[in-house]
Structures are given as structure tokens and as C-alpha cells.
Amino acid sequence: MASPRVLSGIQPTADSFHLGNYLGAIRQYVAMQEGYDAFYCVVDLHAITVDYQPEVLRRRSRVAAAQLFAAGLDPERSTVFVQSHVREHSELAWVLICLTGMGEAGRMTQFKDKAARAGESSASVGLFTYPILQAADILLYQANRVPVGADQKQHLELTRDLAQRFNHRFGETFTLPDPHIVKGVEKITDLQEPTAKMSKSSSSPTGILDLLEQPGPLRKKIMRAVTDTGSEVLADDENKPGVTNLLRIQSALSGVPIPELEARYAGQGYGAFKKDVAEVVIDTFTPIRERTEKLLANEAELDRMLAVGATRARAVAAETMAKVRDRVGFLPTS
């Protein structure tokens, strides 16, 4: 029996992934290589829905891919590729756009949130149709499971709706994907604003721990992280959000449960605690950074690895699109 297929994509919109990306997505990708037929893509088509520079996008796409491999994705066990290398993503997106109502697309909350930051009148049509391209990404590979966070559940519901609509109108074509809710992934917040999510788009540089950051700056950020009144190292979201966030970081990276950490630092204050948090972050990030740098130093080999993934992905995508073209009534090419 074939393994269920999982698909996820990650945007190349920064010079480094951050801790939240690592815990919420990348580490899960690595774990899901076991037991799944795993497809992971660097979604550069999504990255151009907002203002960008071509050379920066090209560099960041390679940096994103290198980090995925450096964190543990094995090109022998996972299909890792760049979205724009598989043209069927755009083609299927257009077919699905033509099946999507304006009101349906307009209800997507992420568009409203992102458009509000720049002003809705200046938001691109690409940003508006972003969830439909995301649906195409998933349906193209007949994915059974899609790792989703709370902010992506609505998009997966749209994907399922479009798959059902297509299947009902044109015949059974697409697999209906189910959400893969990863349990035990704690929400990591901004080091300077511990009630806000750690995010490249909204956090200050001092509030983010970047995967490719050097040990010195990482340690400094953690030692300067906002804590709370008192000196007890206790998890309490309401009264101690800063300390709670640091406890979650240390627990997630070390594997030590939070109650054990609370007992370990009883009576010690914040200094020793923060020092240990910094060490576990540095110990986790350093080998990933070093492997990323090595991969980026051999651009030709990195591109070769991505080409292998794209070849595999295109084979699956071509099979799906051949069915789609026939069923929607397009003339054959030969």
C-alpha cells in the first residue's frame, strides 16, 4: 500500500527562517519524511504577490532551499523543489480561479489582513487569488494531508470546496486533502513583545531568532528578552508571558518538559535561565547554519538537487494536468 502523500510550501521572503518557522514547519517536515510520500516546495510564485526585487527573490529562494536540506530534508526521501519550476501550478490555478466566486475569494481573512497593512486599493490581484494558487499547489499533487496552522485552516477548506466542485462538475479528479494538525507545537512569540507572534512581517529584529544568525547576536537577543516582574521561572501566560515564551523555546528544543524546567530553575532567577535558553538555541541553530553555508557555497550542486526534485514533481503534476485539461474541454496538443 502506498504511503499517504503530504504537501507543504514555505515562502522565500526573508534572508533566514526564524525559530517559529523551524518549530512550526521545518522540524515537522523532517519528521514527516517517515511514513509519508513527502512533497515540499519553495513557493516563489506566492512571494511575488507583494512588492519584491528579482535578484533578492532569486537569492532567497536558494537560501530557503538550502535551509530545508540543512535542517534534515533528505532529497532521497522527500521531493524538494521550487514552485516556479513546475509550470502546472500556474495552469491549474487559472482553472480553479474560474471556478471560484468573487465573494468566496473575498472572505479569505489572510487577504484582508495582508491588504490592510499596505492598503487594500494597492494590494495586487495576485494577493487576492493567493489562496486559490495555494489550492492548486495541493490538488496538483493529489495530497492526502497538508500540515496547517490556525491561520491556514480557512485556505484548506477552500481547497476542499474547489476539489469537490471540480469533481462534481467534471468527474472524479482530485483527492480531497485532510488537515494534518501537528500536536505539541507551541506558539513562539516575539522576544520583545511576548504577547505577539514571532513574525518577519511584524516583529522587530530584536524580537526574532533567525536560524542563520551567529551565536553572539542570538545570545544577546535572548539575554535582553523581555521578562516579567518577580524572579520566578514559571509558566503563566497571563502574568508571565515573557518567561513562558522562553520556557516553551527551551522545552521545544531540548525535549525537557516545562514542569521539569520550572523545578530546575527554582530559586535561581532569570540570569542562569536565559543563559541556558541561549545555549540550547545556539546548539540547535549552529549546525543548520553551517550546513546551509556549505550548500550555498556550491550553488551548482544546490541547483542540481532542486532540479531532481522538480523532475519528480513535474511527473506527478503532468499526470494531474493531463486529466484536468481533458475534463474541462481543452483541445489536446497533439
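Visitor: Which residues line the second largest pocket?
Guide: The lining consists of Asp-44, Arg-58, Ser-61, Arg-62, Val-82, Ser-84, His-85, Asp-303, Leu-306, Ala-307, Ala-310 and Arg-314. Before we go on, please remember that this is a predicted model, in which local features need pLDDT of at least 70, side-chain atom pairs count only at pLDDT 80 or more, and totals for chains, interfaces and linings use all residues. Residues are numbered from 1 along each chain as its sequence is written, and side-chain values use heavy atoms, with hydrogens and water left out.

Visitor: What makes something a pocket, and what makes a residue part of its lining?
Guide: On a 1 Å grid over the protein atoms alone, a pocket is an open set of points with protein on both sides within 12 Å along at least five of seven lines, and a lining residue has an atom within 4 Å of a point. The volume of the second largest pocket is about 180 Å³, where volume is the space filled by probe spheres set on grid points joined across faces, edges and corners.

Visitor: How many of the lining residues are nonpolar, polar and charged?
Guide: There are 4 nonpolar, 3 polar and 5 charged. Ala, Val, Leu, Ile, Met, Phe, Trp, Tyr, Cys and Pro count as nonpolar, Asp, Glu, Lys and Arg as charged, and the others, Gly among them, as polar.

Visitor: Which helices each supply at least two residues of that lining?
Guide: Helix H3 (54-70) and helix H14 (299-328) do, and H14 gives the largest share, 5 residues. Helices (H or I, at least four residues) and strands (E, at least two) are DSSP runs, numbered from the N terminus.

Visitor: Why is Pro-12 called buried?
Guide: Buried means under 20% relative accessible area, exposed means over 50%, and partly exposed lies in between (1.4 Å probe, protein chains only). Pro-12 has a relative accessible area of 3%, so Pro-12 is buried. Its place is in the loop between strand E1 (5-10) and helix H1 (19-31). Among the buried residues of H3 are Leu-57, Ser-61 and Ala-64.

Visitor: What is Pro-12 in contact with, leaving aside its neighbours within four places in sequence?
Guide: Contact means heavy atoms within 4.5 Å. On that basis, Pro-12 is in contact with Val-42, Val-43, Asp-44, Ala-47, Leu-57, Arg-60, Ser-61 and Ala-64.

Visitor: Why does Asp-276 count as partly exposed?
Guide: Asp-276 has 32% relative accessibility, so it counts as partly exposed. Asp-276 is found in helix H13 and touches Gln-250 and Tyr-265, not counting residues up to four places away in sequence.

Visitor: And Gln-142, is it buried or exposed?
Guide: Gln-142 is buried, because its relative accessible area is 15%. This residue sits in the loop between helix H8 (130-140) and strand E4 (145-147).

Visitor: What makes a set of residues a nonpolar core?
Guide: The members are buried Ala, Val, Leu, Ile, Met, Phe, Trp, Tyr and Cys residues, joined through side-chain atoms within 4.5 Å. In the largest one here, of 56 residues, Leu-19, Leu-68, Leu-209, Ile-249 and Val-281 touch the most other members. Helix H13 (residues 270-297) provides the largest share of this core, 10 residues. Another core lies apart from it, with 38 residues, including Ala-93, Phe-166, Ala-310 and Ala-313.

Visitor: How do you know that Leu-19 is buried?
Guide: Its relative accessibility is 0%, so Leu-19 counts as buried. Leu-19 is found in helix H1. Leaving aside neighbours within four places in sequence, Leu-19 is in contact with Ile-188, Met-198, Leu-209, Ile-249, Leu-253 and Phe-285. The C-alpha atoms of Leu-19 and Phe-285 are separated by 9.0 Å, although the two are 266 residues apart along the chain.

Methods: 1 Å grid on protein atoms, 1.4 Å probe; cavity = no way out; pocket = protein on both sides within 12 Å on 5 of 7 lines; lining within 4 Å.
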